[in-house]
Amino acid sequence: MTSKTNFFLTFIVIAFLASCAPRKEVIYFQDAQQFETLVEEGTFNTKFKIDDLVSIHISTLDPEASVPFNLFRGAEEGGIRAEQVNYLVDKNGEIDFPVIGKLKIVGLSPSETRALLREKLGDYLKDPIINIRIRNFTVTVLGAVNRPGTYPVNGEQITILEALGLAGDITIKGRKDNVMVIRDFDGTKVYNRINLNQKNAFKSPVYYLTQNDVVYVEPNKSGKTESSLDQRASIAISIASIIITSTVILLSRN
């Protein structure tokens with residue numbers, strides 16, 4: 001066996017070993033015991049942020065009484081229903097609500113906003129039914145996941161595990177012990193990290209995601225090594241291609 005063959009085989013073995021992620025980097029919640037129970041200490045509530053688009057619909061037993069408190073775009077014609085207008089939370093944290101006027105809802109949860117509206121509507125409506133929904137609730141998952149992208153959230157909350165599930169889970173090359181969540185608080189970026197190898201992840205302030213959170217999964221050592229090897233291999237192929245091309249040109253001239 002020639003020295004070149006030995007070098008090639010050694011390179012293949014090193015690349016294979018480098019690409020193998022240790023078990024401790026792959027398993028979620030490694031310290032969770034059999035039949036162990038974890039009681040959730042608090043209830044997470046989504047809070048409204050600046051630039052949120054909020055859908056608010058008011059209804060009562062008397063449909064005509066609630067009409068002034070609902071905004072619609074267009075008219076109902078030919079069986080096509082008019083489109084309800086969403087409210088934008090402005091830079092002051094307020095929405096401009098019909099009849100009532102400015103309402104500051106930034107920092108409030110949907111249930112708190114319902115209570116506020118119910119109080120404000122007390123002079124106009126009896127027992128109003130108030131439906132509230134965030135229309136632009138999305139989360140973005142990037143890095144070492146199978147399907148990176150931005151995903152819409154249909155409900156009022158989503159966990160980081162559910163978001164990773166939407167993105168096809170963390171790949172074998174991704175770190176579960178140091179997942180970053182980038183959160184925006186009215187123009188201020190806050191960076192948090194969560195260790196999904198440990199059960200304490202359920203108590204993390206970023207276990208529940210908020211609207212427009214960005215989740216980034218960085219590559220582990222094997223992923224970084226593989227990327228480096230791929231880059232070196234690409235450079236080597238480019239150099240070899242240049243050498244071969246130059247050789248062919250020189251031979252054709254002779």
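Which side chain meets that of Arg-183 in a salt bridge? The partner is Asp-213, with N and O 2.7 Å apart. A salt bridge here is a side-chain nitrogen of Lys or Arg within 4 Å of a carboxyl oxygen of Asp or Glu. Arg-183 lies in strand β11 (residues 179–185), and Asp-213 in the loop between β13 (208–209) and β14 (214–217), so the pair ties together parts that are 30 residues apart in sequence. Strands (E, at least two residues) and helices (H or I, at least four) are DSSP runs, numbered from the N terminus. Both Arg-183 and Asp-213 are buried. Buried means under 20% relative accessible area, exposed over 50%, and partly exposed in between (1.4 Å probe, protein chains only).

The model is predicted; local features need pLDDT of at least 70, side-chain atom pairs count only at pLDDT 80 or more, and totals for chains, interfaces and linings use all residues. Residues are numbered from 1 along each chain as its sequence is written, and side-chain values use heavy atoms, with hydrogens and water left out.

In total, the structure holds 9 salt bridges. One of them joins Lys-47 and Glu-112, whose closest N and O atoms are 3.4 Å apart. Lys-47 sits in the loop between α1 (3–19) and β1 (53–59), and Glu-112 in helix α3 (residues 110–120), so this pair ties together parts that are 65 residues apart in sequence. Lys-47 counts as partly exposed, at 33% relative accessibility. Glu-112 is also partly exposed, at 35%.

Asp-184 and Lys-189 form another salt bridge, at 2.8 Å from N to O. Asp-184 is partly exposed, with 23% relative accessibility. Lys-189 is partly exposed too, with a relative accessible area of 48%.

Two strands pair if DSSP finds at least two bridges between them. Strands β11 and β14 run antiparallel and are joined by 3 bridges. Val-181 has Val-215 in β14 as its bridge partner.
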